[in-house]
Amino acid sequence: MTVQTIPAAPAVALDDLSRVYKTRAGSVHALRGVSHAFGAGTFTAIMGPSGSGKSTLLQLAAGLDVPSGGRVSIGGTDLGRLKATALTTFRRTSMAFVFQSYNLLDALTAFDNVALPARLAGRPVDRAAVLDALDQVGLRDLARRRPPELSGGQQQRVAIARAIHSRPDVLFADEPTGALDRTTGRDVLALLRRVADDGQSVVMVTHDPLAASYADETLFLADGRIVGRLQNADAAAIAQRMSELEDR
Ligand SMILES: Nc1ncnc2c1ncn2[C@@H]1O[C@H](COP(=O)(O)OP(=O)(O)OP(=O)(O)O)[C@@H](O)[C@H]1O
Ligand SMILES: [Mg+2]
């Protein structure tokens, strides 16, 4: 007798996803039928020219925006079937999002910003774990500062500490190294790599081929479609593909 194993649902599944923005000047087709499965424990980079739909894709995948067509499933749960409050709870327990604009609360210290998702989810705050998350981005000593007292790159790292501290199944990050110098950027990328190697799944938008080279797979978007994929590629190969896309 053969033992049947049920294949685990992908960490994130996008199925024929589309998004049309209605503006007064007309409709903008930001995504035009994107399908992709992101496995647990994988690190995926998303690249593409400005306006190609990268942030739109990330926001839909994270349940922050509603698709015009198609489906998003996280660990087998169809986000479109969840009511608003259930979606909020589900997002808090299974996902974290590092925004390009950091989205920290200015009134809270770095420590309290990192601890906030746990508090919102009604979980006890583990002080040592919060400090460890700050330590991993090199900011343990600045735990008591508030965002307005931190540089842009330091705020970005607090946002990353907040995301890793909640140990989400899926960590979405929009340009997480955009404000960082090379060395700090590499530390953050190595950290995201470890997060994926621990079994969580990381989906990162970036313009930087070196950043994308830390990923297992890079997806290339153009005009709302996936137009290419590279696996385990180095920065040079990724840069080459990007310049081909930009010349189209
Ligand atoms: N709220 C909105 N209303 C109307 N159009 C929008 C809205 N948000 C995005 N768009 C349009 O949708 C398309 C995709 O935008 P998106 O922000 O996903 O691009 P992106 O690939 O993240 O670009 P960038 O690299 O510049 O951040 C663009 O043409 C953009 O102008
Ligand atoms: Mg964007």
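Two strands pair if DSSP finds at least two bridges between them. Helices are DSSP runs of H or I with at least four residues, strands are E runs with at least two, and both are numbered from the N terminus. With that in hand, take strand β7 (residues 170-174) and strand β8 (residues 201-205): they run parallel and are joined by 5 bridges. Leu 171 is the residue that stands opposite Val 202 in β8.

A word on what you're looking at: this is a predicted model, where local features need pLDDT of at least 70, side-chain atom pairs count only at pLDDT 80 or more, and totals for chains, interfaces and linings use all residues. Residues are numbered from 1 along each chain as its sequence is written, while chains are lettered from A and ligands numbered from 1 in the order in which they are written.

Now zoom out from that strand pair. The open sheet it belongs to has 6 strands in the order β6-β7-β8-β3-β9-β10, with mixed pairing. β6 (95-98) and β10 (225-231) stand at the edges with a single partner strand each, so one side of each has no neighbour in the sheet. From one strand to the next, the twist averages 15°. Helix α8 (residues 235-246) packs on this sheet and touches β3 (43-47), β9 (217-222) and β10, its direction making about 160° with that of β10. Two residues touch, or are in contact, if their C-beta atoms, placed from the backbone, lie within 7 Å. Axes are lines fitted to C-alpha atoms, for helices over the stretch in contact, and angles run from 0 to 180 degrees between N-to-C directions.

There's a second open sheet, with 4 strands in the order β2-β1-β4-β5 and antiparallel pairing. Its edge strands, β2 and β5 (77-78), each pair on one side only. β5 pairs with strand β4 (residues 69-74) over 2 bridges, and Ser 73 has Asp 78 in β5 as its bridge partner. Helix α1 packs on this sheet, touching β1, β2 and β4, and its direction makes about 120° with that of β1.

Which elements each supply at least two residues of the shell around ligand 1? They are β1, β2 (26-38) and α1 (54-61), with α1 giving the largest share, 3 residues. The residues around the ligand (C-beta atom, placed from the backbone, within 6 Å of it) include Tyr 21, Ala 30, Lys 54 and Thr 56. By class, the shell divides into 3 nonpolar, 8 polar and 1 charged. Here Ala, Val, Leu, Ile, Met, Phe, Trp, Tyr, Cys and Pro count as nonpolar, Asp, Glu, Lys and Arg as charged, and the others, Gly among them, as polar.

Finally, two loop residues have backbone angles worth a look. Tyr 102, in the loop between β6 and α3, has a positive phi of about 70° although it is not a glycine. Arg 167, in the loop between α5 and β7, is not a glycine either, yet its phi is positive at about 40°. Are they buried or exposed? Tyr 102 counts as buried because it has 20 C-beta neighbours inside 10 Å, whereas Arg 167, with 15 other C-beta atoms within 10 Å, is partly exposed. The rule is that 20 or more other C-beta atoms within 10 Å of a residue's own make it buried, 12 or fewer exposed, and anything in between partly exposed, with C-beta atoms placed from the backbone.
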